[in-house]
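Thanks for coming, everyone. Please have a look at the structure on the screen, and then I'll walk you through it.

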Amino acid sequence: MEERKSKPTVRARANAIRSFRCKNLVAVIEDPTDVRNIGAVIRNANALGVEKVYIVDPRRSLPDDWQDMRERKSLSAPSVSAVKWTFVKRFDSTEACIAHLEKNGYISVVTSPPVKGKTNVYLHEGDFTPHAKLAVWFGNEARGISPLAVEHSEMCVAIPMFGMIESLNLGTCSGIVLYEVAKQRREYQSKFRRAGKKGQRATQLPVVPKRESDEVMT
């Protein structure tokens, strides 16, 4: 007779997924206007193993302190409580966020249609592993990414579109982009300890957690 293991505790779950998180990967939302979209991006980031979420919030619609954000129902509900498990930091301006990222050694890429003079790639063509620290920017729901963020980015990343509608909402866009970026970086982390393909591991780490069906007790 088969018997499933009891549902893991929160601590056990946290320990099980810790090695799958993408270290030094940040999702940046620039000037979002809808708290539901903010919640959706935080949820995507948490589910896909992104380490942090930064929010450029010039209207100061969110509290400065992460603990206060965690307790705000308007943010906790649309994120399905993911805000409690993903570090979130807000900034008053794009300039402040860029300064913080660059001071801490992060390279930025932005989701954007092609921009003249920049490196432009489709999502599946991009290599998101060369830099130890990476920030992926998502723009305002109506205006998209700002020229300042584009200027300070290494490349513009676009999702190929095949329909009459050539846009996606913020939640969907962030999910698609972060999936590909996190997937690449997790595969890289499984093989190497450091950037530049240095510190190759003798044994590759797993890139996905065990499924419940793999843990069935007999």
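**A walk through the model**

Let's start at the surface. M161, L168 and I176 form a nonpolar patch there, with about 210 Å² of accessible area together. Patches here are built from residues with over 30% relative accessible area and no salt bridge; like charges are joined within 9 Å, and nonpolar side chains (Val, Leu, Ile, Met, Phe, Trp, Tyr) within 5 Å. Areas come from the Shrake-Rupley method with a 1.4 Å probe, and for residues only the protein chains shown count as cover.

Before going on, a word on the source. This is a predicted model: local features need pLDDT of at least 70, side-chain atom pairs count only at pLDDT 80 or more, and totals for chains, interfaces and linings use all residues. Residues are numbered from 1 along each chain as its sequence is written, and side-chain values use heavy atoms, with hydrogens and water left out.

I176 sits in helix α7, residues 170-191. Helices (H or I, at least four residues) and strands (E, at least two) are DSSP runs, numbered from the N terminus. I176 has a relative accessible area of 35%, so it is partly exposed. The cut-offs: buried is under 20% relative accessible area, exposed is over 50%, and partly exposed is in between, with a 1.4 Å probe and protein chains only.

Stay on α7. Y179 is in this helix too. At 48% relative accessibility, Y179 is partly exposed. Leaving out neighbours within four places in sequence, Y179 is in contact with L48 and S174. Contact means heavy atoms within 4.5 Å.

The helix also holds a charged pair. E187 and K183 form a salt bridge, with the closest N and O atoms 3.6 Å apart. A salt bridge needs a side-chain nitrogen of Lys or Arg within 4 Å of a carboxyl oxygen of Asp or Glu. Why are E187 and K183 separated by about one helical turn? Because they are four residues apart in helix α7. E187 is partly exposed, at 33%. K183 is partly exposed as well, at 32%.

**The charged network**

How many salt bridges does a search of the whole structure find? Nine. D57, R60, D64, R90 and D92 are linked in a network of them.

Take R90 and D57. Their side chains meet in a salt bridge, 3.1 Å from N to O. This pair links distant parts of the chain: R90 is in strand β3, D57 is in the loop between β2 and α3, and they are 33 residues apart. Are they buried or exposed? Both R90 and D57 are buried.

Next, R60. R60 lies in the loop between β2 and α3 (66-70). Its side chain meets that of D64 in a salt bridge, 3.0 Å from N to O. R60 is partly exposed, at 46% relative accessibility. R60 also has a positive phi of about 55 degrees, although it is not a glycine. Most residues other than glycine have a negative phi.

Then D92, in the loop between β3 and α5. The side chain of D92 makes a polar contact with the side chain of R60, at 2.6 Å. Another polar contact, of 2.9 Å, joins the side chains of D92 and R90. A polar contact is a pair of N or O atoms within 3.5 Å; within protein, one must be able to donate a hydrogen and the other to accept it, and residues adjacent in sequence count only if both atoms are side-chain atoms. D92 is partly exposed, at 42% relative accessibility.

**Helix α5**

Now α5, residues 94-103. T94, C97, I98 and L101 are buried in this helix. They cover an arc of only 100 degrees around the axis, which puts them on the same side of α5. That arc is taken from the directions from the helix axis to the C-beta atoms. On the other side, E95 and K103 are exposed.

**One last residue**

Finally, N37, in helix α2, residues 35-48. N37 is buried, with a relative accessible area of 17%. Its side chain makes a polar contact of 2.9 Å with the side chain of E141.
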